[in-house]
Amino acid sequence: MKYSYVTHLICPKCKSEYSTKEKHQLCSCGSPLLVEYDWAALKKVMQPEDLAARESTLWRYHEMLPVEQPENVVSQGEGMAPLLAMPSLGRDMNIKQLYMKDEGLIPTGTFKARGAAVGVSKAKELGVEEFAMPTNGNAGAAWALYGAKAGITSTIVMPQDAPKITRNETALSGANLYLVNGLISDAGKIVKEAVEKFNLYDASTLKEPYRIEGKKTMGLEIAEQLGWKMPDVILYPTGGGVGLIGIHKALKELRKLGWVSGRLPRLVAVQSSGCAPIVKAWKEKKSESQFWEESDTIAFGINVPKAIGDFLVLDAIYETNGCAVAVDDEWMLREQQNVARMEGSFICPEGAAVFAAIRKLRQENWIRENETVVALNTGAGIKYPDTVEIDVEVLEKDSSLKRI
Ligand SMILES: Cc1ncc(COP(=O)(O)O)c(C=O)c1O
Ligand SMILES: [Zn+2]
């Protein structure tokens, strides 16, 4: 049996094919490239039961990942984040089967470690010596740290306002870190110019094809954790949308293998009302989004005014009869508190946006009481110490506590 059943890269727009043995970025037509595998061969040699004895990381799915030689794997134990039942919050929202895939528990505290693990491992396999990327913080931190482990130099550009912890993680890893007085789109322009000038490997969202393969493991895990049954609805906080595209790809691949069957879950892209280009495009039934001017939200990871893979996100929504929802920042903060009080989890603002969307969609009866609903909490609340404002009484040294 081979370690990976990867075959080639394919362009979803013009169908051109490329080799996975050489470095490739976008297709010559400008579209992101997707990774293809030999499903017919894999189906003959692998069964879901084979996974039972494997390590509890995303590398348990190595046949469906693009790294061909196991010695190129750069891992910090990422993957297999718990799928937690949320009974109290479910009761509060009148949903019987509400689950949270808690990505706060993997290395670097966000799901970005998945894309970094697979992206950096494949970069190592391809002989990349230096990569560059714009980021809203979490992805840059993950790529810089995995890059350090792989011995690959990284150049990271992030907005000045990105969460301070991600800046520290990136700097500490030894990356060349720059802050920009602007948004991720401005960081993107600076990286694009540097990539051309210094001939760097461009690790920007979807400009290299392998990050998505790491993120698709969220979809593989959800199916495995539910006993190879698909839920009815999966909701995802959408910035660049790679996670949503990845989950969609994963479930379609599992269907090709015959490990799951039936209708795909309805996929929901959740955005902030301060930055909702995908929601606007979906409402207007468009196949691409437009640049969202003056975007602003506390959920920093989803502050992406124009995503390069927007057409793939919209495809995933249309194909699964899903939808796109925008929620206000105040609703996010309320749900962040609800999740902490009812379920004991301190989730990130992006994850909180998902719960605000679930409440809204349940109220509109778009989500029904008996449906199985999976919320992606993409990161740990502790990565955003400044998002929550609290007022606590300070005691004098000799004071005693009073109970009312
Ligand atoms: C915590 C968190 N959630 C969600 C996202 C959005 O991810 P994607 O680009 O896959 O839409 C990000 C991106 O930075 C993030 O950091
Ligand atoms: Zn193309």
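**Exercise 1. Arg 60**

Is Arg 60 buried or exposed in this predicted model, and which residues does Arg 60 contact?

*Solution.* 
Step 1. Take the relative accessible area of Arg 60, which is 5%.
Step 2. Buried means under 20%. Arg 60 is therefore buried.
Step 3. List its contacts, leaving aside neighbours within four places in sequence. They are Leu 51, Arg 54, Glu 55, Met 80 and Glu 224.

**Exercise 2. The zinc site**

Which residues coordinate the zinc ion (ligand 2), and what is the arrangement of the four donor atoms?

*Solution.* 
Step 1. Find the donors. The SG atoms of Cys 11, Cys 14, Cys 27 and Cys 29 coordinate the zinc ion (ligand 2), at 2.2 to 2.3 Å.
Step 2. Check the angles. The four donor atoms subtend 103 to 117°. Four donors count as tetrahedral if all angles lie between 85 and 135 degrees. The arrangement is therefore tetrahedral.
Step 3. Compare with the ideal. For four tetrahedral donors the ideal angle is 109.5 degrees.
Step 4. Read the spacing of the donor residues in sequence: C-x2-C-x12-C-x1-C.
Step 5. Locate the pair Cys 14 and Cys 27, which links distant parts of the chain. Cys 14 sits in the loop between strand E1 (6-10) and strand E2 (17-18). Cys 27 sits in the loop between E2 and strand E3 (34-37), and the two are 13 residues apart.
Step 6. Classify both by relative accessibility. Cys 14, at 38%, is partly exposed. Cys 27, at 4%, is buried.

**Exercise 3. Two helix pairs**

What are the crossing angle and handedness for H4 with H5, and for H7 with H8?

*Solution.* 
Step 1. Start with helix H4 (residues 138-150) and helix H5 (residues 164-172). Their axes come within 8 Å and cross at roughly 20°.
Step 2. Angles under 35 degrees count as roughly parallel. H4 and H5 are therefore roughly parallel to each other. Their crossing is left-handed.
Step 3. Identify the contact. Asn 138, Gly 140, Ala 141, Ala 144 and Leu 145 of H4 meet Thr 166, Glu 169 and Thr 170 of H5.
Step 4. Turn to helix H7 (residues 211-225) and helix H8 (residues 242-257). Their axes come within 7 Å and cross at roughly 60°. That makes H7 oblique to H8.
Step 5. Residues making the contact include Ile 212, Met 218, Leu 220 and Ala 223 of H7, and Ile 245, Ile 247, Leu 251 and Leu 254 of H8.

**Exercise 4. Positive phi**

Where do Asn 94 and Asn 199 lie, and what is the phi of each?

*Solution.* 
Step 1. Recall the background. Most residues other than glycine have a negative phi.
Step 2. Asn 94 is not a glycine, yet its phi is positive, about 65°. Asn 94 lies in the loop between helix H2 (87-93) and strand E5 (97-102). At 37% relative accessibility, Asn 94 is partly exposed.
Step 3. Asn 199 has a positive phi of about 55° and is not a glycine either. Its loop runs between helix H6 (184-198) and strand E9 (201-202). At 70% relative accessibility, Asn 199 is exposed.

**Exercise 5. Ala 123**

Which helix holds Ala 123, and which residues does Ala 123 contact?

*Solution.* 
Step 1. Ala 123 is in helix H3 (residues 112-125).
Step 2. Its relative accessible area is 0%, so Ala 123 is buried.
Step 3. Leaving aside neighbours within four places in sequence, Ala 123 is in contact with Val 128, Ile 152 and Tyr 201.

Notes:
Residues are numbered from 1 along each chain as its sequence is written. Chains are lettered from A and ligands numbered from 1 in the order in which they are written. This is a predicted model: local features need pLDDT of at least 70, side-chain atom pairs count only at pLDDT 80 or more; totals for chains, interfaces and linings use all residues. Side-chain values use heavy atoms; hydrogens and water are left out. Donors are N, O and S atoms within 2.8 Å of the metal (3.2 Å for Na, K and Ca); water is not among the atoms, so sites may look incomplete. Four donors count as tetrahedral if all angles lie between 85 and 135 degrees; four count as square planar and six as octahedral if opposite donors are over 155 degrees apart and all others between 65 and 115; anything else is irregular. Helices (H or I, at least four residues) and strands (E, at least two) are DSSP runs, numbered from the N terminus. Buried means under 20% relative accessible area, exposed over 50%, partly exposed in between (1.4 Å probe, protein chains only). Axes are lines fitted to C-alpha atoms, for helices over the stretch in contact, and angles run from 0 to 180 degrees between N-to-C directions. Angles under 35 degrees count as roughly parallel, over 145 as roughly antiparallel, 65 to 115 as roughly perpendicular and the rest as oblique. A crossing is left-handed if the near helix is turned anticlockwise from the far one by less than a right angle, and right-handed if clockwise. Contact means heavy atoms within 4.5 Å.
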